[in-house]
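Trainee: I would like to learn how to read a fold from its coordinates. Where do we start?

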Amino acid sequence: MDETLITTLSEGAAAIGIRLGPAELDRFATYHREILLWNRRINLVSERSALEIVIRHFLDSLTPAPFLDRPDGALIDLGSGGGFPGIPLRIALPGLHLSLVEASRKKSSFLSHVVRTLRLDRVSVIRKRVEELTAGEALADRFDTLISRAAFKLPDLIRTASFFLKPGGQLIAMKGPDPQEEMEETERISEAAGMVFTACRAVRPLGDDSLRKIIIYNRVFR
């Protein structure tokens, strides 16, 4: 990344409340390069502009960071795609233990490559469908946080989160500007799923006109 992009990323992260040092910025620069290289072969992101990747993917992925109850806990990212939001969060929060779930062979290969290239420890890539994982017990009640960026409808996430999360664990759903219909549908099933609504926060990545809603639920202790 050139200096303009690095400045945009650094200042945007600071506005969110995250300080990125030289080591973190270098990892983001490498990640940015790999996205551009791999995007020629597989469809990782629709944006072609280098700046759009910084704003719409890197900074957007960092917006949930201030809301994490356990920034040093175990986090599972469902439908990670090109690594969003999991990898940017792991770069910015080195204490995270991260699991990236991505069913696509090509995208999961990219994720494994990026994890190796960035030398990220405590990160695993799981190439399975969510339905396969919830059919077993290996990952049940294992995670402090479950996060997903617009990959699943909120009612589906609620049901899934109650499987993966520890009691008291946190679901963070990154949604578009108007998730009201999904939230109303979820209200009818959340209690049965053992989840309780905690907050809905409006955020806007630096320099981006689009509004993001971050919806937070917690698994009920039992």
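Predicted model: local features only at pLDDT ≥ 70, side-chain atom pairs only at ≥ 80, totals over all residues.

Mentor: Seven strands make up an open sheet of mixed pairing, in the order β3-β2-β1-β4-β5-β7-β6. At the edges stand β3 (123-126) and β6 (195-203), each of which pairs on one side only. From one strand to the next the twist averages 20 degrees.

Trainee: Which helices pack on the sheet, and which strands do they touch?

Mentor: Helix α5 (residues 105-118) packs on the sheet and touches β2 (97-101) and β3. The direction of α5 makes about 165 degrees with that of β3. Helix α8 (residues 180-187) also packs on the sheet, touching β5 (165-175), β6 and β7 (212-219). Here the angle is taken with β7, and the direction of α8 makes about 10 degrees with that of β7.

Trainee: Which way do the side chains of β1 point?

Mentor: In a regular strand the side chains alternate between the two faces of the sheet. In this strand, Ala-74, Ile-76 and Leu-78 point one way, while Leu-75 and Asp-77 point the other way.

Trainee: Are the residues of β1 buried or exposed?

Mentor: Five of the five residues of β1 are buried, and the strand is mostly covered. Asp-77 is among these buried residues.

Trainee: Now the helices. How do I read a helix pair?

Mentor: Look at the angle, the distance between axes, the handedness and the residues in contact. Helix α2 (residues 22-38) packs with α5 at an angle of about 150 degrees, and their axes are 10 Å apart. Angles over 145 degrees count as roughly antiparallel, so α2 is roughly antiparallel to α5. The crossing of these two helices, α2 and α5, is right-handed.

Trainee: Which residues make the contact between α2 and α5?

Mentor: On the α2 side they are Arg-27, Thr-30, Tyr-31, Arg-33, Glu-34, Ile-35 and Trp-38. On the α5 side they are Lys-106, Ser-109, Phe-110, His-113, Val-114, Thr-117 and Leu-118. By class, the contact of α2 with α5 has six nonpolar, four polar and four charged residues.

Trainee: At what angle do α1 and α2 cross?

Mentor: At roughly 120 degrees, with axes that come within 11 Å. That makes α1 oblique to α2. The crossing of α1 past α2 is right-handed. Leu-5, Ile-6, Leu-9 and Ser-10 in α1 meet Leu-25, Phe-28 and His-32 in α2.

Trainee: How many residues of helix α7 are buried?

Mentor: Nine of the eleven residues of α7 (residues 154-164) are buried, so the helix is largely enclosed by the rest of the structure. The buried residues include Leu-154, Pro-155, Ile-158 and Phe-164.

Trainee: And a residue in a loop, such as Ser-190?

Mentor: Ser-190 lies in the loop between α8 and β6. Under 20% relative accessible area counts as buried, so Ser-190, at 10% relative accessibility, is buried. Leaving out residues up to four places away in sequence, Ser-190 touches Ile-158, Met-195 and Tyr-217. Ile-158 is one of the buried residues of α7. For a sense of span, the C-alpha atoms of Ser-190 and Glu-34 are separated by 39 Å, and the two residues are 156 residues apart along the chain.

Key
Residues numbered from 1 in each chain as written. Heavy atoms only, no water. Pairing = 2+ DSSP bridges. Helix = DSSP H or I, 4+ residues; strand = E, 2+ residues; numbered from the N terminus. Axes fitted to C-alpha atoms, helices over the stretch in contact; angles between N-to-C directions. Contact = heavy atoms within 4.5 Å. Parallel < 35°, antiparallel > 145°, perpendicular 65-115°, else oblique. Left-handed = near helix turned anticlockwise from the far one by under 90°. Nonpolar A, V, L, I, M, F, W, Y, C, P; charged D, E, K, R; others polar. Buried < 20%, exposed > 50% of the residue type's maximum accessible area, 1.4 Å probe, protein only.
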